[in-house]
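This briefing covers helices, strands, ring contacts and charges over rings. Please consult the sequence and structure below alongside the text.

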Amino acid sequence: THAKMATVSLGFNIDSPRWDQSTFVGRLKHFLNITDPRTVLVPEEELDRAKALVDSCRAGLVPPGSSQEQLLYAKKLYDSAFHPDSGEKMNLIGRMSFQVPGGMAITGCMLQFYRTVPAVVFWQWVNQSFNAFVNYTNRNAASPISLRQIGVAYVTATGAALATAVGLNLYTKRAPPLLARWVPFAAVAAANCVNIPMMRQQEIINGITVTDENNSELGLSRRAAVKGIAQVVLSRITMAAPGMIILPIIMERLEKFTFMQRIRVLHGPLQVLLCGGFLLFMVPAACALFPQRCSLALADLEVELRDSIVAKHGDKVPYVYFNKGL
């Protein structure tokens, strides 16, 4: 036991990433690990035990007999279920590990029921409710947001999605059938451009905490918030794109076959399953597009903040760092 404990505790830092976060492949491995949909099934008590283990490890108290594999699994569970800023347990629906089961059901239904306006309205509303939950859960926790602001963000994003979806749905009545199948993606992309900035407006208004590379706080930056949020918007659109663009082409081809016309009742479940296949890879790939710990050159900061950093630190801080959120 003592030998095992020594191998774990000597130089083992539970917070240092297992894979190089400066490369896309390293980030992809990291997010494949923490967005693993199987972690959704882990009982609450096990998640709490994982958190206790991670906390004791951070305090330098590795429980005797712990193997490195146990500690790494505890960290995987911790990362999948607890907020990186606040350390609070996130609601199940808002976790990135729930993106595959939640996203596949909703996206599959959006792609299946795109023909009538009531169906388009209902599924876009369901999708925006899900997105609002996810965006709120994964916001930068240092920037509080009021219930009123959440309500405004939700209503605005839902309005943008519905206006895009219904408008394009009517417009594509005379267009080729495939264009109509792409309407849900256009609506999702439009809504993401509204939902995420609105849900995280406090960060844009007040700025988010930026630090030096040793995590010492330097001040608040609105420009850092804008960069982080823009990257999250791009990631979310990328997450949805392959499934919502390629799957309609596949279904358009498949539905020409006689056997597919006989089993219309299975088209919905088939689209849900195929969406799941796309999302299994696209959720971690989209999260990995940009580093979680985002950086911004000193020269790109607001003048006041830049001047105060230079006054305190001289030219020792060429870049500032911040958590972009997910």
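Two strands are taken as paired if DSSP finds at least two bridges between them; helices (H or I, at least four residues) and strands (E, at least two) are DSSP runs, numbered from the N terminus. The model is predicted: local features need pLDDT of at least 70, side-chain atom pairs count only at pLDDT 80 or more, and totals for chains, interfaces and linings use all residues. Residues are numbered from 1 along each chain as its sequence is written, and side-chain values use heavy atoms, with hydrogens and water left out.

**Strand pairing**

- Strand β1 (residues 208-211) runs antiparallel to strand β2 (residues 217-221), and 4 bridges join the two.
- Thr211 has Glu217 in β2 as its bridge partner.

**Annotated segments**

- An unreviewed UniProt entry lists residues 151-171, 229-250 and 270-290 under "transmembrane region"; the positions follow the numbering used here, feature names are shortened, and annotations may be inferred rather than shown by experiment.
- Residues 151-171 are 100% helix and 0% strand, with the end C-alpha atoms 30 Å apart.
- For residues 270-290 the chain is 86% helix and 0% strand, and 32 Å separates the end C-alpha atoms.

**Aromatic pairs**

- There are 6 aromatic pairs in the structure. Rings of Phe, Tyr and Trp (its six-membered ring) pair if their centres lie within 6.5 Å; planes under 30 degrees apart count as stacked, over 60 as edge-to-face and the rest as tilted.
- The Phe113 and Trp123 pair is stacked, because the ring centres are 6.3 Å apart and the planes are at 15°.
- Phe113 is in the loop between α5 (99-112) and α6 (117-137) while Trp123 is in helix α6, so this pair ties together parts that are 10 residues apart in sequence.
- With ring centres 6.0 Å apart and planes at 45°, Phe122 and Trp125 form a tilted pair; both lie in helix α6, 3 residues apart, about one turn of the helix.
- Phe113, Phe122, Trp123 and Trp125 are linked by ring pairs into a cluster.

**Accessibility within the cluster**

- Buried means under 20% relative accessible area, exposed over 50%, and partly exposed in between (1.4 Å probe, protein chains only).
- Phe113 is partly exposed at 39%, Phe122 is partly exposed at 40%, and Trp125 is partly exposed at 41%.

**Charges over rings**

- A charge sits over a ring if NZ of Lys or CZ of Arg is within 6 Å of the ring centre and within 35 degrees of the ring normal.
- Lys51 lies over the face of Phe82, 5.9 Å from the ring centre.
- Arg293 lies over the face of Tyr321, 4.4 Å from the ring centre.
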